Amino acid sequence: MILLNNSHKLLALYKSLARSIPESLKVYGSVYHINHGNPFNMEVLVDSWPEYQMVIIRPQKQEMTDDMDSYTNVYRMFSKEPQKSEEVLKNCEIVNWKQRLQIQGFQESLGEGIRVATFSKSVKVEHSRALLLVTEDILKLNASSKSKLGSWAETGHPDDEFESETPNFKYAQLDVSYSGLVNDNWKRGKNERSLHYIKRCIEDLPAACMLGPEGVPVSWVTMDPSCEVGMAYSMEKYRRTGNMARVMVRYMKYLRQKNIPFYISVLEENEDSRRFVGQFGFFEASCEWHQWTCYPQNLVPF
């Protein structure tokens, strides 16, 4: 595999991946953030260049120091020939199979290569899936270099067009000081590693909230290093009040203004969430969201 670290090549890859959306969207979103400051210190590997068959996004080596941190030890994959992924994945220089890690992608056919590779390394693997939900404009994405280079904080927020409707509530950037609140209410969170990950997401990526009468977030939404929108939550007291809908409208408007790609994943059985996001134009993509969580024998959870 070739390390792609030239800015011109990374922009060319970004434009090329756009032609394979939605299957490439997980990697496409990761390359977006790499091209805009690379706040999570990720790197891009391709099997060949300029013609390529496989792209792997992984954290740089200095990021993966905790063998148990599956929030950080994440590999995001796209392949034009996913059935041939086995040999690449067996390479210990590509994937550190001694760590607890996650492999994410939107191609179920990657799974066979992952299963063969993990078996050869005596690694336990758990597969989870969800619906991938996108909007029409995401499917029509044309890669662009026009997005402003800079951090979320530097680029600011859209105007306050919705605030007059809810005088006791204020749309705002989600402050990192509320990382603990987000962590306590995230199903995949509630631990120190997830708290560290959430802090980085809020500090470095778009994150928004609705502040309630006490000045504390009552609804919020964040983004991950691959441009997936998630961790959305409303405090029970403020559910069914329209606060989350107002957050989503403003948040999506901002992302579109800055040409930031976005998508979400929802469990198939979560019909309430599917209906909720449907009102914002999200619909099921032609492929699904997949994640393979891998555990070396000495790190298998009880």
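The model is predicted: local features require pLDDT of at least 70, side-chain atom pairs count only at pLDDT 80 or more, and totals for chains, interfaces and linings use all residues. Residues are numbered from 1 along each chain as its sequence is written, and side-chain values use heavy atoms, with hydrogens and water left out.

**Backbone geometry**

Helices (H or I, at least four residues) and strands (E, at least two) are DSSP runs numbered from the N terminus. Most residues other than glycine have a negative phi, and most peptide bonds are trans. The table lists departures from both patterns.

| Site | Feature | Value |
|---|---|---|
| Ile21 and Pro22 | cis peptide bond, omega | about 15° |
| Trp49 and Pro50 | cis peptide bond, omega | about 10° |
| Cys227 | positive phi | near 75° |
| Met231 | positive phi | near 55° |

Pro22 belongs to the loop between helix H1 (7-18) and helix H2 (25-35). Pro50 occupies the loop between strand E2 (42-46) and strand E3 (54-59). Cys227 is placed in the loop between strand E9 (217-223) and strand E10 (229-234), whereas Met231 is part of strand E10 itself.

Burial is assigned from relative accessible area (buried under 20%, exposed over 50%, partly exposed in between; 1.4 Å probe, protein chains only). Cys227 counts as buried because its relative accessibility is 0%. Met231 is also buried, with a relative accessible area of 14%.

**Helix H2**

Ten of the eleven residues of H2 are buried, so this helix is largely enclosed by the rest of the structure. The buried residues of H2 are Leu25, Lys26, Val27, Tyr28, Gly29, Ser30, Val31, Tyr32, His33 and Ile34. After H2 comes Gly37, which has a positive phi near 100°.

Strand E4 (residues 74-79) is mostly covered, with six of its six residues buried. Val74, Arg76 and Phe78 point one way from E4, while Tyr75, Met77 and Ser79 point the other way.

Two strands are taken to pair if DSSP finds at least two bridges between them. E3 and E4 run antiparallel and are joined by four bridges; Phe78 of E4 is the bridge partner of Val55. E4 is also joined to strand E5 (residues 101-105), by three bridges in a parallel arrangement. Here the bridge partner of Val74 is Gln102 in E5.

Ser79 lies in strand E4 and counts as buried at 3% relative accessibility. Polar contacts are pairs of N or O atoms within 3.5 Å; within protein, one atom must be able to donate a hydrogen and the other to accept it, and residues adjacent in sequence count only if both atoms are side-chain atoms. The side chain of Ser79 reaches the backbone nitrogen of Glu81 at 3.0 Å. With neighbours within four places in sequence left aside, Ser79 is in contact (heavy atoms within 4.5 Å) with Gln53, Met54, Gln107 and Leu110.

**The sheet E7-E8-E9-E10**

Four strands form an open sheet in the order E7-E8-E9-E10, with antiparallel pairing. Strand E7 (170-173) and E10 are the edge strands, each pairing on one side only. From one strand to the next, the twist averages 15°; axes are lines fitted to C-alpha atoms, for helices over the stretch in contact, and angles run from 0 to 180 degrees between N-to-C directions. The antiparallel pairing of E9 and E10 comprises four bridges. Met223 has Val229 of E10 as its bridge partner.

**Annotated region**

In an unreviewed entry, UniProt gives the annotation "domain: Glycine N-acyltransferase C-terminal" for residues 208-296. UniProt positions are given in the numbering used here, feature names are shortened, and annotations may be inferred rather than shown by experiment. Over residues 208-296 the chain is 26% helix and 38% strand, and the end C-alpha atoms are 37 Å apart.

**Cysteines**

With a disulfide defined as a pair of cysteine sulfur atoms within 2.5 Å, the count comes to zero. The sulfur of Cys287 lies 16 Å from the closest cysteine sulfur, that of Cys227, which is too far for a bond. Cys287 is buried, with a relative accessible area of 11%. Cys294 likewise counts as buried, at 0% relative accessibility.
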